[in-house]
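I set out to record what I looked up in this structure, entry by entry.

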Amino acid sequence: MNKDIAEIRAALERCFAAQVSATAEWHENEPAEPACSGESGPEDLLCLVLAQHRWNFLLWHVEDTARRRDVPDSVIADCKRQVDALNQKRNDCMEKVDQCLVRLLEPFLPASAEPRRNTETAGMAVDRLSILALKIYHMEEQTQRTDAGPEHIRACAGKLDVLRQQRDDLRRAVLELIDDYAAGRKVIALYSQFKMYNDPALNPELYSRR
């Protein structure tokens, strides 16, 4: 394997581990927003992945609050606005992760590649790994509850095993995708989200009421 590609794979592995460790740390201390200075090096990649993971972390907990039935409607409305804003930032950051990966990989890609594309980008898969890190943390919490019965604990333990397997499968799939790019088996691409609902120029519910 090309030494430079191996270093990019290793950088991604550090990112995946950081998602897990940050999830535990942030449940003890409020997460500060990472100050990412660039989008072209391995450390930039780690910073961007953690920044994107932070938006998912915040989004997760706002969505939990939004499911409450014992609070005024104004609280739920505020949660909805927070969810929209956080989801936009999450997607914007996911695209930056992809841009960073493209910049890291491009110097080492073959001049020509098979015209095959993946159903999602590596950055999109990194976002899914972020969500899985959160799911695993919270499902593990459920297995440790003292106020729940043994049936609940067993069911959650089974789900936890599945989530861990899914995360491991997806982690390997991302690394294999990097190998496919490097070998010219697939063409690297950026897929833009173009979220419309937060844009007053694109959401008819907003621009028609100006």
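The entries below follow that order.

**Basis.** I worked on a predicted model, in which local features need pLDDT of at least 70, side-chain atom pairs count only at pLDDT 80 or more, and totals for chains, interfaces and linings use all residues. Residues are numbered from 1 along each chain as its sequence is written, and side-chain values use heavy atoms, with hydrogens and water left out.

**Fold.** I looked up the secondary structure and found six helices and zero strands, where helices (H or I, at least four residues) and strands (E, at least two) are DSSP runs numbered from the N terminus. The C-alpha trace spans about 60 × 55 × 30 Å along its principal axes. Of the 210 residues in the chain, 39% are buried; buried means under 20% relative accessible area, exposed over 50%, and partly exposed in between, with a 1.4 Å probe and protein chains only.

**Rings.** How many aromatic pairs does a search of the whole structure find? I found one, with rings of Phe, Tyr and Trp (its six-membered ring) pairing if their centres lie within 6.5 Å; planes under 30 degrees apart count as stacked, over 60 as edge-to-face and the rest as tilted. The ring centres of Trp 26 and Phe 57 are 5.5 Å apart and the planes stand at 75°, so this pair is edge-to-face. Trp 26 lies in helix α1 (residues 3–26) and Phe 57 in helix α2 (residues 42–66), so the pair ties together parts that are 31 residues apart in sequence. Trp 26 is buried at 11% relative accessible area, and Phe 57 is buried at 5%.

I also noted Arg 54 over the face of Trp 55, at 4.9 Å from the ring centre; the test asks for NZ of Lys or CZ of Arg within 6 Å of the ring centre and within 35 degrees of the ring normal.

On a 1 Å grid over the protein atoms alone, a cavity is a set of points where a 1.4 Å probe fits but cannot get out, and a pocket is an open set with protein on both sides within 12 Å along at least five of seven lines; lining residues have an atom within 4 Å of a point. Grid points are joined across faces, edges and corners, and a volume is the space filled by probe spheres set on the points.

The largest pocket holds about 190 Å³. Among its lining residues are Glu 33, Trp 55, Lys 89 and Asp 92. Helix α3 supplies the largest share, four residues.

**Backbone.** Phe 194 has a positive phi of about 50° although it is not a glycine. I placed Phe 194 in the loop between α5 and α6 (204–207), and it is exposed at 67% relative accessibility.
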